[in-house]
Amino acid sequence: MSTDANGRIRSWAELPSKPLYVPPPGAIDAHCHVFGPAADFPFSPLAKYQPQDAGPDMLFALRDHLGFARNVIVQASCHGTDNAATLNAIARSNGEARGVAVVDPAISDAELQALHQGGMRGVRFNFLKRLVDNAPKDKFLDVAHRLPKGWHVVVYFEADILEEMKPFLAAIPVPVVIDHMGRPDVTQGPDGPDMRAFRALLDSRDDIWTKVTCPDRLSPQGEPYDDFVAAVRPLVEDYQDRVLWGTDWPHPNMEHRIPDDGGLVDVIPRIAPTETLQHKLLVANPMRLYWPEEVVG
């Protein structure tokens with residue numbers, strides 16, 4: 001584990017490899033974060049982890065190194081419901097980033113509109129107990145009913161609570177994106193109970209999307225993530241218009257197993273083996289959600 005003099009943790013590779021895979025023009029890293037800089041954007045007093053700074057300059061340098069064109073920056077839990085760090089990164093992106101906010105359920109409609117003006121296009125509801133202390137479904141649904149036009153809801157949960165999440169997910173009145181496929185046990189394979197249950201969720205409504213992300217989190221085997229590829233590739237092929245991909249940089253809470261971002265990019269052509277699937281995963285799908293005004297047709 002790498003910590004600085006203040007005990008703050010680094011969870012990302014300082015020198016990620018250059019991927020062998022070259023993403024298509026306009027490719028979007030649709031799930032990443034920024035941490036701080038803490039001197040300008042302090043962490044929440046409720047934060048469950050204290051990371052080292054990983055700000056916009058580092059994120060955009062990584063984007064260029066990996067061959068991507070745009071980012072979707074998801075508010076990190078260490079910043080709580082103060083979205084200033086994420087908004088700062090979006091503002092510094094020259095239009096090449098949009099965001100997903102985390103909000104206090106008491107947020108006003110005017111504050112939601114201000115987030116929209118700042119480049120946010122979704123709100124994230126987190127149900128991981130190790131990251132958040134309270135996840136009030138009734139209040140989250142109230143927020144979901146008041147979102148600006150064109151927004152969606154991102155939901156983060158683990159596979160063991162999928163069944164109890166179904167009524168809540170069914171009640172969300174806008175498109176839904178599930179982070180990291182609801183963290184299935186990929187060692188069960190593509191036809192295991194976790195993936196079957198997740199497919200049933202995707203089949204329950206045609207506006208549930210998912211991020212086919214985080215082999216570093218989900219694969220017990222580690223690189224080259226063969227178990228992840230075997231479980232996830234059929235999902236990408238069968239739900240090709242509702243999948244997104246992202247690095248998850250700077251990999252919150254992965255300090256014990258820091259992934260190589262170049263290696264993560266090289267998983268893409270293994271789960272999306274054709275140019276058509278890759279273009280949908282990296283360009284067409286995230287553009288529809290985050291830059292719809294630029295989508296023709």
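## Helices α4 and α5

In this predicted model, α4 passes α5 in a right-handed crossing (the near helix is turned clockwise from the far one by less than a right angle). Helices are DSSP runs of H or I with at least four residues, and strands are runs of E with at least two, numbered from the N terminus. Helix α4 spans residues 137–144 and helix α5 residues 162–171; their axes come within 10 Å and cross at roughly 20°. α4 is therefore roughly parallel to α5, a term for angles under 35 degrees. Axes are lines fitted to C-alpha atoms, for helices over the stretch in contact, and angles run from 0 to 180 degrees between N-to-C directions.

Lys-137, Phe-140 and Leu-141 of α4 meet Glu-164, Met-165, Phe-168 and Ala-171 of α5, where contact means heavy atoms within 4.5 Å. By class, this contact of α4 with α5 has five nonpolar, no polar and two charged residues. Ala, Val, Leu, Ile, Met, Phe, Trp, Tyr, Cys and Pro count as nonpolar, Asp, Glu, Lys and Arg as charged, and the others, Gly among them, as polar.

## Helices α6 and α8

Helix α6 (residues 193–204) packs against helix α8 (residues 226–238) at an angle of about 15°, and their axes are 12 Å apart. The two helices, α6 and α8, are therefore roughly parallel to each other. α6 passes α8 in a right-handed crossing.

From α6, the contact draws on Met-195, Phe-198, Arg-199 and Leu-202; from α8, it draws on Ala-231, Val-232, Pro-234, Leu-235 and Asp-238. The contact of α6 with α8 comprises seven nonpolar, no polar and two charged residues.

## Backbone features in loops

Most residues other than glycine have a negative phi, and most peptide bonds are trans. A cis peptide bond, with omega about 5°, joins Gly-36 and Pro-37; Pro-37 lies in the loop between β3 (28–32) and α1 (56–66). A cis peptide bond also joins Glu-223 and Pro-224, with omega about 5°, and Pro-224 is found in the loop between α7 (215–218) and α8.

His-180, a residue other than glycine, has a positive phi near 55°. His-180 is located in the loop between β8 (176–178) and α6.

## Basis of the model

Residues are numbered from 1 along each chain as its sequence is written, and side-chain values use heavy atoms, with hydrogens and water left out. In this predicted model, local features need pLDDT of at least 70 and side-chain atom pairs count only at pLDDT 80 or more, whereas totals for chains, interfaces and linings use all residues.

Methods: Angles under 35 degrees count as roughly parallel, over 145 as roughly antiparallel, 65 to 115 as roughly perpendicular and the rest as oblique.
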